[in-house]
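Let's take a guided walk through a protein model together. Keep the sequence and the 3D view open as you read.

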Amino acid sequence: MINSYFELIRSGINTTYQDKGRENLYHIGVPYSGAMDNRNFLIANKLVNNNLNAPVLEFAYQGPHLKYKGDKISIAITGDVMFKIIKNGLENTGNCYESYQIESGDEIDIISTNKSIYGYLAIGGKIDIKYQWKSCSINTKAKIGSNNGNKLESNQTIKLLNINSNKDKKKIDYINSKVENIRVIKGTNFNYFSDEGIKNFFEKKFMVSKLSDRMGMRLQGNKIDNIVNTNIKSEGLIKGVIQVPPDGNPIIMLSDHGTIGGYPKIGVVASVDYDRLVQITPGSKIKFTEIQLTDAETLFKLYEMDTDNLLSQI
Amino acid sequence: MINKIINLGDSALYCDFGQEVNKEINSKVIKYFNSVRKSNIEGVTNVTPSYNKLIISFNLSITNFKKIKKEIEILNIDYENKIINKEIQIPVCCENSFSLDIERLEKKLNLNREQILEKFFNKKYFCYMTGFIAGMPFLGDLDENMRANRLETPRVKVPKGSIGLTEQFTNIYTFESPGGWNIIGNTPLNVFDSFNENEPNLINPGDTVIFKEITSSEYKNYHD
């Protein structure tokens, strides 16, 4: 061994290496990053017999087109993804949640994430990449992580240090469910907003703006009126916080968010809904429903049990 | 003492130390920050100090709000523990191509360029916190006559090294980023280094910063 590698014929729109992300760095201004949709990240790794925190390729909208050179290797793609596997010039449509054996000369063309945003490609082996603060996760805004903190570019290669021996086909029956209804716990500045504003927040739908990315999801809809102060003294943020700037359009903090912010917090997305929230595409509508802390905790436990159950079937 | 502890979502604690911004309250926040970090409470994933708040994030898979709140309430705070603070000089060049908002400030503050620079340089500023973007220090307090609001429309790209002013605070953009502070100059110094994993930040909470004016040629030759 070993000179096995993938060549990126096309990099895709926003393809990055991600793992679980990095902890304990908020105080210096570095967010978690990590795979946006944690459940699909874990399933992808399990399907190719990887450590569950192994680096995967995360892609958005249009994924990469890769050509493989080297010893037999297994790959798996998760999410709501349309892709083809090309062997000896013959194209076959691939299925998500199923592992495939790839041989030298084969190509994987990840065409689209359909009506979702993020998909995952796990490669059964160890990828040769750099870590920063024990994580490979790329944060393109802060230029942190593997690949010098940049998204992957066409003609780049993905070198492998070793390959898992894994000849069995693995698959699970799973449908990446969609939600429009996002459960929210009241935020620390909930009482900054007018009755009308709060009514708008919980009763009207909001449209996801095109200006959304791994840092935040911007929403447009009925203005949420602030009657106290449109600025607060800057304080820490966490992912899922919904801030309302002076223009009244909410912004949800996502995995690469700024660690400090000065806009009032109307709510925080319940952890149980985060994986599905991040998959809602620009132009779609979302609606918020209030949830109490204890219910959010219980539902998260159930969601985790469900994820563990899926992983144990692989 | 913490005035109140409430939940921020289902996986963080929001510890409120008061509404005002001053060194005294901020020092309490920093002492709690250090004590929480040292205590290694199971499940805590991040501790974020700011002017007068401390946010403690945790992993909901292994713990919850009630448990962490109890731990924080019984936590031993080491008030004696003196943090070793540094005094750091930051060279700043204010030539026209760097002082993007000097004209706006002249109008807003009713001061001329020389007066603004005189009130800004060679003063001691206290670092309240770092963040928003990696390594960005939030420093204060500016002279009473130097306080202006943020730009009405934030810039999409503030250049790396820019020195910003807003309200009683001043900051340093550690890399190119969106931002709405009034920019008066630029430092050639690298304030954040992600390759130095143990000490990526040049400036940390509690440190003192003094800005020193440099000329365009000193700026250009800084790294020689």
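This is a predicted model: local features need pLDDT of at least 70, side-chain atom pairs count only at pLDDT 80 or more; totals for chains, interfaces and linings use all residues.

Residues are numbered from 1 along each chain as its sequence is written, and chains are lettered from A and ligands numbered from 1 in the order in which they are written.

## Domains

Domain bounds here come from an automatic or database domain assignment. Two residues are in contact if their C-beta atoms, placed from the backbone, lie within 7 Å. The table sets out the domains of each chain.

| Chain | Domain 1 | Domain 2 | C-alpha centres apart | Residues in contact |
|---|---|---|---|---|
| chain A | residues 5-163 | residues 181-312 | 27 Å | 20 residues of domain 1 with 16 residues of domain 2 |
| chain B | residues 4-73 | residues 87-220 | 28 Å | seven residues of domain 1 with six residues of domain 2 |

Which element of chain A gives the largest share of the side of domain 1 that touches domain 2? That is helix α1 (residues 38-47) of chain A, with five residues. Helices (H or I, at least four residues) and strands (E, at least two) are DSSP runs, numbered from the N terminus. By class, this side of domain 1 of chain A has eight nonpolar, seven polar and five charged residues. Here Ala, Val, Leu, Ile, Met, Phe, Trp, Tyr, Cys and Pro count as nonpolar, Asp, Glu, Lys and Arg as charged, and the others, Gly among them, as polar.

Now for chain B: on the side of domain 1 of chain B that touches domain 2 of chain B, α1 (23-39) and β3 (44-49) of chain B each supply at least two residues. The most comes from α1(B), with three residues. This side divides into three nonpolar, three polar and one charged residues.

## Where the chains meet

How many residues of chain A are in contact with chain B? There are 31 residues of chain A, in contact with 39 residues of chain B. On the chain A side, β16 (235-236) and α4 (293-312) of chain A are the elements that give two or more residues, and α4(A) gives the most, with five residues. The classes on this side of chain A are 14 nonpolar, 11 polar and six charged residues.

## An open sheet and a barrel

Two strands pair if DSSP finds at least two bridges between them. In chain A, seven strands form an open sheet with antiparallel pairing, in the order β7-β6-β9-β4-β1-β12-β11. At its edges stand β7 (90-93) and β11 (125-127) of chain A, each with a single partner strand, so one side of each has no neighbour in the sheet. Follow strand β6 (residues 82-87) of chain A and you will find four bridges to β7(A), running antiparallel. One place to look is K84(A), whose bridge partner in β7(A) is T93(A).

Chain A also has seven strands that close into a barrel with mixed pairing, in the order β13-β20-β17-β18-β15-β14-β21. Strand β17 (residues 241-243) of chain A runs antiparallel to strand β20 (residues 265-269) of chain A, and three bridges join them. There, Q243(A) stands opposite K265(A) in β20(A).

## Buried places

A residue is buried if 20 or more other C-beta atoms lie within 10 Å of its own, exposed if 12 or fewer, and partly exposed in between; these C-beta atoms are placed from the backbone.

Is G125(A) buried or exposed? G125(A) counts as buried, because it has 24 C-beta neighbours inside 10 Å. G125(A) is found in strand β11 of chain A. Leaving aside neighbours within four places in sequence, G125(A) is in contact with I73(A), L160(A), N162(A), I163(A) and N164(A).

In chain B, strand β12 (residues 182-186) is largely enclosed by the rest of the structure, because five of its five residues are buried. Four bridges join strand β9 (residues 162-166) of chain B to β12(B), and the two run antiparallel. Within this pair, I163(B) stands opposite G185(B) in β12(B).
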